[in-house]
Amino acid sequence: MHLADYLQSAMSDYELLTQYTEDAYAKEDRICDRPSCMANIRTGEPCFYVATIEPGQRGRYVCESCHLHYENKRATSVRPTGNRTLQSQGRAPPDPRTIQQLVNAAQRRSTPNPPPVIAVPGGFCPRGPDIRIPTSWQGPQGSSSIRHSSQQGAIGYSSQHALYAAERDRWGKMAYASSLAETILLEITVVHEGAGARKKRGVPIGNICEGRKDVDARIDASGLIKLALETVVPKLRKFDGEFVWRVEEFIIRDAAWVDLSNHPQLVPYFYDQCLQPSRKGTKSTFKSKQFALMVVVPEAQWNEYENWLELRAEMEAEAIRTSCTQSSEHATAYTAVSFNVPSSATTSLTENELFLPSVTTNNSVTVSTKRAHQRAESSSSLSGTSSPPRKKNPPPTAFHSPDRDLLKEVLKIGGGANLNVKQVFGLHSESVQFHPIPTRDITDLLLHKQHHSFSVDTAESSIGQLTIDTSTDGFIGIGGFKTANTGWLTLTAPPKTGLGSVARHKVVVKRPFEKVFPTAMKVGAYKVGRYSLVDELQKLFREANVLYWSKSLLKLTYDFIDRSIASSPEPPPFAVPRVRFVEAGLALCHHQGGSKPGAKTGSTRAVFLLEELIEGGDDMFVKFIHNMDANPLLDELDYGYDMAEFFVFTQHVQYVKTGKLAFISDYQGSTVLLTDPQVLTHPSVSDGCDIFGEGNIEASVSKFEDQHACNEYCGWFGLETFVKEANDDEALVVEN
């Protein structure tokens, strides 16, 4: 049967909510938009526009086979079409006069409980009275609903009517439900499909794994999809900011590899798994749990990314080869200049000169391209004799003119140079009061009240100048909560060590931001908005205080390590890594005279978090452990896995030495410098208060003994071994 005849017969009584067009043939060559197909659709071949049930959400143009797939899909909804008239069903339309008479009769009755109005007598039309769909509710241009509206208006209920009962129940439950009584924990990971993902059900991308706490347990699948994308997409874009990811193609799956987009809306996704039957069996009780979500990048898009990486590597290699070729041509121009001098003069040439001479067999000296810090062989070494001692005042070398061709090229470049106005205007200078974050011994923190937390003490601050590079070249990246730019710090009275100890000390300038969306839906592109001064100072102070305590806990760890090694008769069979957290501090900017009308001179107007720059860029930046698991985030073959094992051991030390109250998590940075840590505390410490920020997942401390896996560091230093027990509350995933 021809496709058009098939569609006409199959869709005579019902139409797919996803079948929105009667133009079933492609007007030009295109690719099927279904991610798992992506077949070529040539001009004149069957092509269907398939839309979702969500109003305003963009649909897809698919081929004939994919259309049949959507038609047979169980999740596809059907509804009576408008062209199926009531007369063809053997039923007469309702009489408006009868309805009006019944309404008037009911209103005229004096009884307080008038009889109900029967709109359609005789049991007519169980789906309700005929209505006309408003124009604003009709489908997009060319849809079936518009076709029916041209025939004296569309008759029947639209898709919005079907959602009324569910919306009423949802808002009713929200009106009486507590906002924080029933919450869950989420662990969100970014993975990609591919050949290496068959066993693991996805290969992690860049160790991107984030945790979210206090998530409403009644959140549905669409809410989970939105939350997962908002959490990890900024991290993925920071992973490689030049590649444009197509987020709309990502698939959100749970730990059992179930696609959340196939789950019905307005139905809580994880809530039933948190309900536990009571002992009496009369009522179920709610227990908060941790669930895993995976943002899956399709295999086709990941292959595009890998091809893009290869192309970029080839372009960089070609640029390096071109640069080396040009350098060799310039070097040839230098070596072409030669002049004759006595052979004894070669012994007086030292490495302090800009160009070092080399001796040839015809007693002529050729100018070398080696720089002053390199040592050249003297003529005496070539002849087998020892080199004479250097003289304090060596005789001047012979004068020679610069190479004409090279001078010509440099004159073109130097004479035609223009000022980079954008870079100059992008430099923003601030007069600041800098408050460094010190490293204190844990005993000092416990015994002195003024050291219990980081403090913005004017007596320990320094006055200086901060320059921020706000241009494109100075932008380092944007995370989920902070922006980062390069900058330079110069203090009037520089300290011996730490930030500002040298002039124009290069720093990373961090500042919190909030997402400003153009619509109330809070989806799609957003602008970077800044907090008020009070909120900005509070947020950065909390970041500084977390780093302050992390430095102290890490120092406690190394004190334990050093004392254990000193008391042991044999050294450990492994090298102990030596790492530290970046030097950092808060920089408070103040109003200057005439800087802002009405502002008081000297008052605080902005605040920044300054950190020591980690050299090497994104290639050297690794996240070793996140705040929802006490095990390495890396695999055994990944770069930095040995360091991750060491950080697992440091958590064990801190957990024991603090009496099972606290340890450091979110270990990230390089193999030398660490940044952006998080201090995790036991629930008994906070006593219901929010301490050490939103990243303090207290459940990780409670479950440390169940999650932690001791390694060779724990064994050699004699730490207590925790025996893992099976957790019946966790769901088991069986791989095929």
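This briefing covers the nonpolar cores, the aromatic pairs and the confidence of the structure above. The model is predicted, and the chain averages a pLDDT of 76, with 70% of the residues scoring at least 70.

**Nonpolar cores**
- The largest nonpolar core has 46 residues, and those with the most contacts inside it include Ile-561, Phe-624 and Phe-647.
- Elements giving two or more residues to this core include α13 (442–447), β25 (604–612) and α15 (641–657), while its largest share, twelve residues, comes from α14.
- Not counting residues up to four places away in sequence, Phe-647 touches Val-579, Phe-624, Ile-625, Tyr-667 and Leu-674.
- A second, separate core of 32 residues includes Leu-186, Ala-228, Val-233 and Tyr-305.

**Aromatic pairs**
- The whole structure holds 30 aromatic pairs, one of which is the tilted pair of Trp-302 and Tyr-305, at 5.0 Å centre to centre with 40° between the planes.
- Both of these residues lie in helix α9 (residues 299–335), three residues apart; Trp-302 is buried at a relative accessible area of 9%, and Tyr-305 is buried at 3%.
- Phe-574 and Trp-716 form an edge-to-face pair, 6.2 Å centre to centre and 75° between the planes, which links distant parts of the chain 142 residues apart.
- Phe-574 counts as buried at 13% relative accessibility, whereas Trp-716, at 26%, counts as partly exposed.

**Charges over rings**
- Arg-218 lies over the face of Tyr-271, at 4.2 Å from the ring centre, and the charged end of Arg-504 sits over the ring of Trp-488, 4.9 Å from its centre.

Note on methods: Residues are numbered from 1 along each chain as its sequence is written. This is a predicted model: local features need pLDDT of at least 70, side-chain atom pairs count only at pLDDT 80 or more; totals for chains, interfaces and linings use all residues. Side-chain values use heavy atoms; hydrogens and water are left out. A nonpolar core is a set of buried Ala, Val, Leu, Ile, Met, Phe, Trp, Tyr and Cys residues joined through side-chain atoms within 4.5 Å. Buried means under 20% relative accessible area, exposed over 50%, partly exposed in between (1.4 Å probe, protein chains only). Helices (H or I, at least four residues) and strands (E, at least two) are DSSP runs, numbered from the N terminus. Contact means heavy atoms within 4.5 Å. pLDDT is the predictor's confidence in each residue, from 0 to 100. Rings of Phe, Tyr and Trp (its six-membered ring) pair if their centres lie within 6.5 Å; planes under 30 degrees apart count as stacked, over 60 as edge-to-face and the rest as tilted. A charge sits over a ring if NZ of Lys or CZ of Arg is within 6 Å of the ring centre and within 35 degrees of the ring normal.
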